[in-house]
Amino acid sequence: MHYDSSRTRLRTGVAQLALTAALAQAAPALAEDTENLGKLVVSANRTATPINTVGSSVSVIAGEEMEERQNYSVLDTLEETNSITHYGYTNRSLSSSDIMVRGLPGGNTVLITIDGVPMSTPGSLLGRNFDIGSMPADAVESVEFLRGSQSSLYGSNAVSGVIAVNTKTGKNSTEPMKGSLTLESGTYNTYKSAMSAHGRIDDVYYGVTMSGLTTDGFDYSDLKGTGATDEKDGYRNQAMNYRIGSDVIKNVGILDNLNVESSGYYQKAKSETDKSSLVDSDRSNRFVSNLYKTGTTADMFDGLLSNTVSMARFTTKSDYFLDNGTRDNSSGWHDGGRNFYAYQACPEAG
């Protein structure tokens, strides 16, 4: 058998040239894809890290994307991501105890943070954790959903995952003020209103959001549609948050920049419920939470070191009311509070 090696080499060379040309044409598209993966996430390593270098499974949803989806709450956004489910038949009011990540029960396995502050209370073992179902999307700049155990970074409350919520701020804004006003209505006498404004003036930036939702709802004890009762189970939610900060010192000695920031979040939700999906009643629950935080960040040595000191106070008030309007203290509902102090040193973000 005669074997023509020169023809084989020629064919191989042609194939290599074709492959090289195809790769050259695809290079701009690949470069563009690489740029799209260049967003920074904080939850994965507790410092700003490019998402394409993070080993954990993490999803990032921007506030603009939540608006395009017309999501009302953070929970609506999380429902559209992988590995998360929630349960319960009462309105939108759902705590982390009602959430499962990758099949693990919620409560003390999934950690929720707002602007880096853990939203859990000392009484959460017996009662409710932060009411993530009532947090409006209007207040949110981005949500990072970190799946899998993160207990080495966040403690034993993060064995199934971390939901990191970042509220709106004008820190990266190029305009003195940008805002929006929303008025909506729907079925069951549902009304929603929201006002948001943020911006930056020289070295001072700010962001503020106020929102509210009210609805008559429908009867939860009549889920089969028999029409046995006209008692509807409504829902009402009010929320407000602010962030204000300033770069007070720049380029002095070893100090590149000294930033001071204060933020706060308030939420009150009331949800009417029935005794069960089959038994009608006039019960309700109320959840109130407050968060206040202040912090200072000093960037030093031309970006080699960033020092952050922060203090925060988080309180919750959770009530369950019986048909006669009295509070049911036997159901495990509670009042609680937590002080948060933190210091972190790392390379300057970005």
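Residues are numbered from 1 along each chain as its sequence is written, and side-chain values use heavy atoms, with hydrogens and water left out. Because the model is predicted, local features require pLDDT of at least 70 and side-chain atom pairs count only at pLDDT 80 or more, whereas totals for chains, interfaces and linings use all residues.

The chain contains four helices and 17 strands, where helices (H or I, at least four residues) and strands (E, at least two) are DSSP runs numbered from the N terminus. Of the 350 residues in the chain, 43% are buried; buried denotes under 20% relative accessible area, exposed over 50%, and partly exposed the range in between, with a 1.4 Å probe and protein chains only. Among contacts (heavy atoms within 4.5 Å) between residues at least 6 apart in sequence, 61% join residues at least 24 apart.

An open sheet of five strands has mixed pairing and the order β3-β8-β9-β6-β7, two strands being paired if DSSP finds at least two bridges between them. Its edges are formed by β3 (57–62) and β7 (117–118); each has a single partner strand, so one side of each is left without a neighbour in the sheet. The pairing of β3 with β8 is antiparallel and extends over six bridges. Within this pairing, Val-60 has Glu-144 of β8 as its bridge partner.

Side-chain packing was examined through nonpolar cores, defined as sets of buried Ala, Val, Leu, Ile, Met, Phe, Trp, Tyr and Cys residues joined through side-chain atoms within 4.5 Å. The largest such core comprises 29 residues, and Phe-130 and Ile-163 have the most contacts inside it. At least two residues of this core come from each of α3, β5 (99–101), β6 (110–114), β8 (140–147), β9 (161–167), β15 (283–300) and β16 (305–321). Another core, of seven residues, lies apart from it and includes Val-58, Leu-111, Tyr-154 and Ala-164.

Grid points are joined across faces, edges and corners, and a volume is the space filled by probe spheres set on the points. One cavity of 30 Å³ or more is found in the whole structure, and the volume of the largest cavity is about 40 Å³. Its lining consists of Ile-114, Asp-115, Thr-167, Asn-241, Tyr-242, Arg-243, Ser-263, Gly-264, Tyr-265 and Leu-291. Two or more of these lining residues are given by each of β13 (233–252) and β14 (255–273). By class, this lining has four nonpolar, four polar and two charged residues; Ala, Val, Leu, Ile, Met, Phe, Trp, Tyr, Cys and Pro count as nonpolar, Asp, Glu, Lys and Arg as charged, and the others, Gly among them, as polar.

Of its 21 lining residues, Gln-70, Asn-71, Thr-182, Glu-184 and Lys-192 lie nearest its centre. The elements giving two or more residues to the lining are α2, β10 (178–186) and β11 (190–201), with β11 giving the most, six residues. The lining divides into seven nonpolar, eight polar and six charged residues.

Asn-71 is located in the loop between α2 (63–68) and α3 (74–78) and is buried, with 8% relative accessibility. Beyond residues up to four places away in sequence, Asn-71 touches Met-66, Asp-76, Thr-77, Glu-80 and Ala-137. Gln-70, in the loop between α2 and α3, is exposed, with a relative accessible area of 71%. Most residues other than glycine have a negative phi. Gln-70, however, has a positive phi near 60°, and Asp-302 has a positive phi near 55°. Asp-302 occupies the loop between β15 and β16 and is exposed at 74% relative accessibility.

Pro-176 lies in the loop between β9 and β10 and is exposed, with a relative accessible area of 51%. Excluding residues up to four places away in sequence, Pro-176 touches His-198, Gly-199, Arg-200, Ile-201 and Tyr-206. The C-alpha atoms of Pro-176 and Ala-197 are 10.0 Å apart in space, and the two residues are 21 residues apart in sequence.

Key. On a 1 Å grid over the protein atoms alone, a cavity is a set of points where a 1.4 Å probe fits but cannot get out, and a pocket is an open set with protein on both sides within 12 Å along at least five of seven lines; lining residues have an atom within 4 Å of a point.
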